[in-house]
Amino acid sequence: MSIITLTTDFGDVYPAIMKGVILSIHPGAKLVDISHSVRPGDVRGGAFILRFASGHFSPGSVHLAVVDPSVGGRRRAIVIKGEKYSFVGPDNGLLMPAARAQGAYRVYEISDLSFYARKVSPVFHGRDVFAPAAAFLSKGHEIPCLREITDPVDLDFGVPELKDDKVVGKVIYVDGFGNVITNIGGEALSGLLHLGMAPKVNDVEMPFVRAYCDAPRRTLVLLVGSHGMAEIACNGDSASTLMGLGAGDMVTISFQ
């Protein structure tokens with residue numbers, strides 16, 4: 001059965017409409033919601049979610065993602081065909097980290113947005129452009145009017161810096177538990193710290209632990225999260241609130 005995942009900032013109602021369009025084209029598709037709770041317009045947050053969720057699906061899956069603050073403007077609608085997966089969504093960087101992670105790929109612009117809907121709404125490309133494109137791909141049909149491009153809008157999560165006895169990075173995502181996920185790779189962090197050490201994170205001392213439960217409740221901790229990145233957490237509370245950290249904020253981990 002063909003799998004189509006959906007990742008959006010749409011909340012309720014609108015994803016169901018997109019699913020209706022997909023199923024009218026490909027009734028046998030298996031639809032899986034990754035998230036419809038991306039913070040409105042947060043392309044970077046949506047890219048993080050897609051990057052770390054998409055790789056857990058079977059080869060041949062189609063990943064449909066729409067976080068699209070420029071809908072109706074000059075941004076392109078794209079399809080990415082990769083070694084393992086296909087991706088459909090706006091050309092604003094949203095798809096690129098996930099596409100890179102799954103291997104080689106080629107990027108195509110949908111040059112005629114009205115290939116499926118006679119009247120394309122300028123404010124709902126998710127329904128009129130991206131949902132039909134994902135359905136066509138999952139059914140093995142060609143999408144008309146694809147034009148290969150070599151200059152998609154890119155997005156990455158930045159590169160942390162090692163400065164003396166400090167690693168300086170950024171927050172790339174805050175999850176529903178208030179855990180603060182950084183762009184500092186877990187392997188690099190584990191090479192600098194040992195379990196039980198207590199580095200300072202933005203001048204707040206906290207233990208480096210293996211799991212959330214390895215410290216008393218409501219204690220801030222530093223660990224390597226399930227996504228492989230350095231994470232600031234608090235068992236039973238929101239590390240984001242306690243630390244005053246949100247997406248894009250700087251994080252400094254000091255080892256002395």
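Is Phe124 buried or exposed? Select it and have a look: Phe124 is buried, with a relative accessible area of 10%. Keep in mind that you're looking at a predicted model.

**Stop one: the rings.** The structure holds nine aromatic pairs. Now colour by residue number, and you'll see that the pair links distant parts of the chain, 114 residues apart. Phe10 is in the loop between β1 (3-8) and α1 (14-25), while Phe124 is in the loop between β6 (105-110) and α4 (125-139).

Next, pick Tyr85 and Phe87. Their ring centres lie 6.4 Å apart with planes at 85 degrees, so they also make an edge-to-face pair. Tyr85 is buried at 2% relative accessibility, and Phe87 is buried at 0%.

Then show Phe48, Phe52, Phe157 and Tyr173 together: ring pairs link them into a cluster. For another charge over a ring, go to Lys81, which lies over the face of Tyr108 at 5.4 Å from the ring centre.

Select residues 220-224, strand β13. Four of its five residues are buried, so the strand is largely enclosed by the rest of the structure. Bring in β14 (residues 229-234): the two strands run antiparallel, joined by five bridges. Click Leu223 and you'll find its bridge partner in β14, Glu231. Finish in the four residues between the strands, where Gly228 takes a positive phi near 85 degrees.

Key
Residues are numbered from 1 along each chain as its sequence is written. This is a predicted model: local features need pLDDT of at least 70, side-chain atom pairs count only at pLDDT 80 or more; totals for chains, interfaces and linings use all residues. Side-chain values use heavy atoms; hydrogens and water are left out. Buried means under 20% relative accessible area, exposed over 50%, partly exposed in between (1.4 Å probe, protein chains only). Two strands pair if DSSP finds at least two bridges between them. Rings of Phe, Tyr and Trp (its six-membered ring) pair if their centres lie within 6.5 Å; planes under 30 degrees apart count as stacked, over 60 as edge-to-face and the rest as tilted. A charge sits over a ring if NZ of Lys or CZ of Arg is within 6 Å of the ring centre and within 35 degrees of the ring normal.
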